[in-house]
Each structure stands twice: as C-alpha cells, then as structure tokens.
Amino acid sequence: MNEMIKKHRLLPLLALLALAAAAPAQAQATNAAARGPALKAQTPVTLNFVNADIEAVTRAIGVMMDRQFVIDPRVKGVITLYSEQPLSVREAYLSYLAGLRGLGFTVVEAGGLYKVVPEADAKLQTGAVAVGSSSQRGDQVMTQIYKLNHENANNLVAVLRPLISPNNTINANPGNNSLVITDYAENLQRLTRIIAAMDTPSSTDIEVVPLKHALAVDIAALVQKLGESGSSAVAGAPGQASGSLSVLVDPRSNALILRAANPARLASARATIAKLDQPLPDGDAPGIRVVHLKNAEAAKLAVVLRAAFGGAGGGGSSSTGSSTNNAQLTPAAQGTISATGSGSNSSIGSGGSTASSSPVSASAGPSTGGFIQADPSTNSLIITAAEPLYRQVRAVIDQLDGRRAQIYVESMIVKVDANKTGQFGVQWQSLFGKDGDKTISGLGTNFGSGNSNIVNLSAATAGGRTAIGTAVAGGVNQGLNIGVLKRVSDFYTLGAIANFLETQTGANILSTPNLVALDNEEAKIVIGQNVPFITGSFTNTGAGTGGTVNPFQTIERKDVGLTLRIKSQVGEGGTVRMVIYQENSSVVQGVTNSAGPTTDKSSIETTVLADDGQIIVLGGLMKDEYSDGEDKVPGLGNIPLLGSLFKGENRKRIKTNLLVFLRPVVLRNQLGADQVTLDRYESIRALQQNAQPAPSPVLPDTGAPVLPILPGAQPAVPQQGKTD
C-alpha cells in the first residue's frame, strides 16, 4: 500500500520533469550550450501536485528555476499545486510560494541560496533588503526600508502594524525618520502605496501678509484664536485639526506670517485679516490704547518709554509715585527696631527685624506724565498717541517685554579648624618652722593666675571641704592634676601640684545657602539669630524725685549668622556678573560684658564674573598660628630633668581654613526651574525617609513628616542605614 502511495506522489513529479525536459523543435535545433536556465525559464509547465511531499515539490521547483533550495528540518507535510493551463516558471514559483504560505512556511533568499523555513523564522534569516520601492512580488519574505520626508515615523507604526502579519515586524528609527518593515513582498507593495499617500506635507507653504492699517502685534492673537475655534467647530472633518493654523508676527515689516494645514484654512485666515486690517474712523488722530504687559513692570517701563519718545510724545517724562531702589549691597542695610518698655530693668526692642515687619515690595502708585501712563494694579500701559507713533512704541514694548531669565546661585562656605594645645607645669610651696615660732620661712614656685596658681588654690583649700569643692569647680586647670596636701595647724594647705594636659580640637563646617532671583534683581538670605546689643540705659537714683521713674535699657538687634546678598546679571554667552556681599558671624561663647555679647565676623564684598554652571572661589582665610610660653625659676629651671620641678610650659597651634565658593546656574525657562526644584525636593524627601524612627516594641510608631510626592515625579528611594 505504501509503495502505491509513493508511486502516486512520484508520478506527477516525473511527468513535470519530463515536461520540463521536453523542448520545442526550434530549441532542439540549437546547441547544447543554449539549453541552460534561460531555456528552462521560457518553457511553460503544467502543475499537477496533489498531496505531494513538500520536499519533492521543492526539488522540482528548484530544477525548473535552476536554483539551489535548502529545506529546514522543521518543514514537513504535503502540498497541493495544480493548474489547468500551462504556466511560466515565474508563475509556477509564485503558486509554490502561495501554497507554502498557507501551510505556515516561506522561502527566503540569502546569497543566491533559497531556504524554505517556517514563517516565524523568516524575518531573522532573510537577506533581501530594499530601500524605497521594490519590484519584488509574491509571498517571499523580505525587508524594506522607507525614508519619510514629512510624516513622523512613530505615528505611522500604529497605523501600519495591523496590516502586517503577526510573525513579521515593523520598527521606526527616529534618528533619520525611517521605517524598517519585514513582511511578504506582495504585502510590502500595498504598504508602499499607503505610506506614499500618507507621507505628504501637513501644512501649506509660508505666506506673509503685510498689514496697512492695523498693528500686527494686536491682531495676531485674535487671528490665531479665530483659526483654532474654526478648526474645532468642524472637528473630525478630513484635513482639519485643532491648532492647524500658525500665526507669527514680523514687527519690522508689520506683517503676519501664516502657515495652515491646507489651502482652505489659509484662505480663511487671509479673509479674516483683510476684515480686521481696516483704517480707524478718525484716520491718524490720537487714540487711547491699553497694552497689558506679560513680564516687564509697567511703572518702570513707562519711564523708559517716555524718555525714549519724549520729543515725539509731546509731553514730559516726569513720574509720580514710582521710585527705583539703587541701594548698594552693604551690611548697613540691616534694619534695627526700638520700642518703649516699662518696669524694672526693661529693655526696648521687639525681638524682630525691620524686614520681617515691612512689606516685601511697597505697592507703586500710578505713573503719570507724558503720553504713556502706567497702571501698576493691572501691570498695563495706557498709550495716547497717533497710529504711526503707537506702532513704534508697540515695537519697542514687544522687545522689552520678554521673559527674564532667573539665576539660581548656590554658595558653599567651607571652614576647617584644627587646634592643638599642650601644657605641663609643677608648682610647690613649703613652710619651715614649728608651731609657736615667732619666725617661719617658706620656699616654693607659683605660676599663672586665679585658681591655677598654687598660692591662690592653697588659700581656697584652707577654708574646709565646702571651700575646696568651690575652688576646684571654679578654676583648677583641666587635665591630669597631682597634688600633695600638708596640714598646718588646723588647716590643710596645698603643698605641691603638677598639671599635665594635651588638647586637640577640630571643626569641619559646610554651609550651602541657595538663592533664586530674577535677572538684574537683588536677593538676600539670612540664616542665624537676632541678637540684642545694649546701646544705652537709665536707672532711678531714688534721690528726691518725688515720683516714680522706671529704669530701662535701649537695645539694638542685629542679625548674627549667615547672610548672603547677591545681585546677578546674565550676559552674552551665558556669563553671569554678580555683585556679592557674604557675611558669616557668630557669638563668641563665654566672652561677654555689660554691653552685650562679642561676635566673631568674616565677610566678603566683591564683584565677579562666572560662567553658567561653573564654580568660582570668592576668597577666604588660611591661617596657621603657633604660640608657646614658659614660666620658670632662673637657673634652676634650666637643670636637665630636675629643672621640670621649677617651671611650667605650654604650647598652642591653631590652623584655620575658610573658603567661599559660588556656583550660578541660569534658568532661562520654566523647564530649567522645574529641574532644579525637583532635584532639591527629592533630596530633602529622601533625607526625611532615611530619618524615620526605628521600630520599637515599647514605643508606638508615630512616624516623622515626609514631603508628598510631586505629580509626575519618580519617588525617591531611601538608602538603608544612612541617616546623615
């Protein structure tokens, strides 16, 4: 039975081979060299394969085409191909490809070799690549690259993906705006026509519409708004899209530059402009116009414009109710405050500074005078001028009313201190004589002052236990103290004391005050304390006044801490010019008097130039100080080893390093400001998450405050074990 089936499958193959080998009478008359592939390609064939093995049919097709076919081991099964009329070899090959596609297989060409593979692997093995249009047809898998001129490649991926077989791919290359599609050649022909129809210009050419009467700046926004409302009214219509009309202003020629999605929209915009570009009823008579400013300050800009057009406006350039603060960046700007108090030892002063109680910026009054008035409440200019003059003024306003850049200034104040102190000394006292002797003698050494002197300390210890405790707490030197006490009569006195001390202290301080201010505007930040300083006082003597007099003190409060005042200006090329006043002050601990505390202060006042984002050093202090001292008995103190009993020594070295760095960053748009804000916001939020209280089995989990996540921001991930 199996042999009959094999014979049944081989009969059509043998018939096809015999038919392919037969040639017409004219072909038999030619030489043997002429009976090559060209002859076979011109020979018509009749297909008659019914449930034939794919491998056998593939070999027959290879003989007809005179090509080498390789069959993948996964390609198994039977195929049916037949034709009622004789076909050319090309047509027979296309029928063969169509039959393979129905079975989930296809043919790929690589280096002149034809491979029959499963359809899912064809996109990985095909070697046929075409750029632009291709003449390949049929069900052979190949790759084609489409370079787009107008449409965005990413937009077409979503449109073409459903039209491609699931096993094949489509990818977009944003770099050169091209599409890479791997699919059957016949389907690629259809996709080529679709892409050609969609890759068309989305708008018309640019058209310049000069205006004769109206001002281009005034009607540009109106034309844009009318164009958008017209497109939204017919949403969904072919070729119509919201915002498809673009309107730009050319102040130099007083013209509008138009670009529309289609000629109809462009014609509609031109008709709207023609209706709006009409002369005023009174010709060139002066009219009143209100110009709302977007960024500039109306009161200041009015003064500038009146000065620039003083002769043309026919009015003065005086200004009422407006002033400009030209104060220098000096510490004298720090405010003081005083008040009246009552009661014993009362003080004048409210504890705050002038800046905390005064308004941030005083409301400016209307700027009057000339043909340009300013209304600060609406930040608008009121212009009374003829049409030609108004056009000139409006052109200047548009150039001055631009968005001003902002400067983010990061100041870094680094201070590193290292102190080393060493002290060694021996003091002793001895009395010679007996109790009741009229004359006694003494011998000893003493150095220093206060309770660090053995004589003073001995006198204090003679007062008993209470006095000894007070004396020790009040002034015995720090470090290791070895003492010998001697009883004299009913009292104990200090006979000898040795002091040993070595001290090492260090400080590493980093302060980073940050400021953001508009270009050419001053900014100030103060971080510290408001410390009172006594400037005067009055007390009641109580002698014959006959009335009640309240004693009082006058106090001046000053900011002590970190102060940074900066006025920045952005120059050409991104350079930043900064006028800087930086002060770092602190209250000296343990040093005070009746007039108040003592402060330690370092300040820098300078003008520098820095590039955007670069760090520049402003200045600082680098100090290395050494001091030593020796108290000794002449002669005896110089004896080796034994001389240490007759002297006291101390050494001290202080190293101070203080540097101030500055880093300006220009924020030209809202995106730059958002990036800086988000970076600082997420840094603080991460620190808050790391500072959460540790779980406790006894205490409740109250949690610590954490900033909320900003909309659209990635949440900060806290670092385990890091709490600094």
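Before I go through some of them, two remarks on provenance. What we have is a predicted model, in which local features need pLDDT of at least 70 and side-chain atom pairs count only at pLDDT 80 or more, while totals for chains, interfaces and linings use all residues. Residues are numbered from 1 along each chain as its sequence is written, and side-chain values use heavy atoms, with hydrogens and water left out.

Let me begin with Arg-394, whose side chain meets that of Asp-218 in a salt bridge at 2.4 Å, N to O. This pair links distant parts of the chain, since Arg-394 belongs to helix α14 (residues 387-400) and Asp-218 to helix α9 (residues 216-233), 176 residues apart; helices here are DSSP runs of H or I with at least four residues, strands are runs of E with at least two, and both are numbered from the N terminus. Is Arg-394 buried or exposed? Arg-394 is buried, with a relative accessible area of 11%, whereas Asp-218 is partly exposed at 34%, where buried means under 20% relative accessible area, exposed means over 50%, and partly exposed lies in between, with a 1.4 Å probe and protein chains only.

Arg-394 also forms a salt bridge with Asp-398, this time at 3.5 Å, N to O. These two residues are 4 residues apart in helix α14, which means that about one helical turn separates them, and Asp-398, at 30% relative accessibility, counts as partly exposed. Elsewhere, salt bridges that share partners join Glu-410, Arg-663, Asp-679 and Arg-680 into one network. A further pair is Glu-297 with Lys-300, the closest N and O atoms being 3.7 Å apart; Glu-297 is partly exposed at 41%, and Lys-300 is partly exposed at 37%.

Now to the sheets. Three strands form an open sheet in the order β10-β12-β11, with antiparallel pairing, two strands being paired if DSSP finds at least two bridges between them. β10 (207-210) and β11 (246-250) stand at the edges, each with a single partner strand, so one side of each is left without a neighbour in the sheet. Neighbouring strands of this sheet are turned by 25° against each other on average, direction ignored. The antiparallel pairing of β11 with strand β12 (residues 255-259) runs over 5 bridges, and within it Ser-246 has Arg-259 of β12 as its bridge partner. Helix α10 (residues 263-276) lies across β10 and β12, at about 160° to β12; the axes behind such angles are lines fitted to C-alpha atoms, for helices over the stretch in contact, and the angles run from 0 to 180 degrees between N-to-C directions.

Glu-207 sits in strand β10 and, at 24% relative accessibility, counts as partly exposed. Leaving aside neighbours within four places in sequence, Glu-207 is in contact (heavy atoms within 4.5 Å) with Leu-256, Ile-257, Leu-258, Leu-266 and Arg-270. The C-alpha atoms of Glu-207 and Leu-266, which are 59 residues apart along the chain, are separated by 8.6 Å.

β4 and strand β5 (residues 113-118) run antiparallel and are joined by 6 bridges, with Tyr-114 of β5 as the bridge partner of Glu-109.

I will finish with α4. How many of its 12 residues are buried? The helix is mostly covered, with 9 of its 12 residues buried, among them Ile-54, Val-57, Ile-61 and Met-65. As a geometry check, at 1.5 Å times one less than its number of residues, α4 (residues 54-65) should span 16 Å, and its end C-alpha atoms are 16 Å apart, which agrees. Just after the helix, Asp-66 takes a positive phi of about 55°.

Definitions and conventions:
Salt bridge = Lys/Arg side-chain N within 4 Å of Asp/Glu carboxyl O.
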